[in-house]
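Trainee: Please pick one part of this model and take me through it closely, piece by piece. I would like to know what surrounds it.

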Amino acid sequence: MKDDDIRAILTEASFPEPIGGAVAARERLMGTLRHHYPPEKNYAVSRRSLRRPLGAIALAGVMAVALLLVWPEQKAEADPLPSEAQMQQFYDQHETTHVAHSLENLQGS
Amino acid sequence: MNARCSGFLGILLLISSAVVGCSPPRVPPLNNLPAKTGSAALQEARKIEVPETLEGWKLVRHNGGEHTQFLYAKGKRSFSLFLSETKSLQPLKAQEGWKAILLGTETSAFLHKDSRSPNRSAIVFKHQMQRRMIMGKLSELELVSLAKQLQ
């Protein structure tokens, strides 16, 4: 079969010695591995699972602060005082009531 | 009774504003709600927890409506107390034509003078959710001392 032919060629082919010898090559490889996966790190508890929600929490915090800053801005509107026209109406109503009361007093006495 | 009255008033105002095409007047006309005098007025005052006498002034009249009015009299003089519900605890906003003063330590109040008759003046301040206004031919000192009693 053709597949077996290829396999045979590959297994029989010579390959160059690694630079510095087999031991040095192994050391290089292990060094790279140690760099990416340091042995002092505890892999049983993944730190990535904690780091991801931290970003979400930070984002939520920023959103909450932004909301807090924006939200009360509309509620902080103070109550308006009566307008000048309204005040005139109030003065008129007071005067009318005052007169009504005085008239009643006159009739009473 | 009060709710029905205000409901009726609201409908009246709606119709009138729809017909005239302008905003409804904020102060309802006097003849819409009969004024209460004597003991009837005192009853209303007790309901709203407004004093019946105030520094020698006696409560004599009550007018219901959006801006409840109580008339206090002493001899020939009188002043009105207007109560308006504001639905908020926010302080009053300073405005042109009003003079800001302090009642006690922190309550701010505003004084107003009638442009048509300068001896008539008013003071407005906030009492919880209520806007209270004292109005009459009173001096500034009298207004402030009455406001302090009602604050």
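Mentor: Two strands pair if DSSP finds at least two bridges between them; strands themselves are DSSP runs of E with at least two residues, and helices are runs of H or I with at least four, both numbered from the N terminus. The model is predicted, and local features need pLDDT of at least 70. Residues are numbered from 1 along each chain, and chains are lettered from A.

The part to look at is strand β9 of chain B, which runs over residues 130-136. Five of its seven residues are buried, so the strand is mostly covered (buried means 20 or more other C-beta atoms within 10 Å of a residue's own, with C-beta atoms placed from the backbone).

Strand β9(B) has two partners to consider. One is β5(B), residues 77-85, which pairs with β9(B) in the antiparallel sense over seven bridges. In this pairing, B:Leu81 faces B:Ile134 of β9(B). The other is β8(B), residues 121-127, which is also antiparallel to β9(B), again over seven bridges. Here B:Ser121 lies opposite B:Gly136 of β9(B).

β8(B) and β9(B) form a hairpin with two residues between the strands. In that hairpin, B:Gln128 has a positive phi near 50 degrees.

Chain A, by contrast, has four helices and zero strands, in the order α-α-α-α along the sequence. Of its 109 residues, 8% count as buried. Where chains A and B touch, 19 residues of chain A and 33 residues of chain B take part (contact means C-beta atoms, placed from the backbone, within 7 Å).

Definitions and conventions: This is a predicted model: local features need pLDDT of at least 70, side-chain atom pairs count only at pLDDT 80 or more; totals for chains, interfaces and linings use all residues. A residue is buried if 20 or more other C-beta atoms lie within 10 Å of its own, exposed if 12 or fewer, and partly exposed in between; C-beta atoms are placed from the backbone. Two residues are in contact if their C-beta atoms, placed from the backbone, lie within 7 Å.
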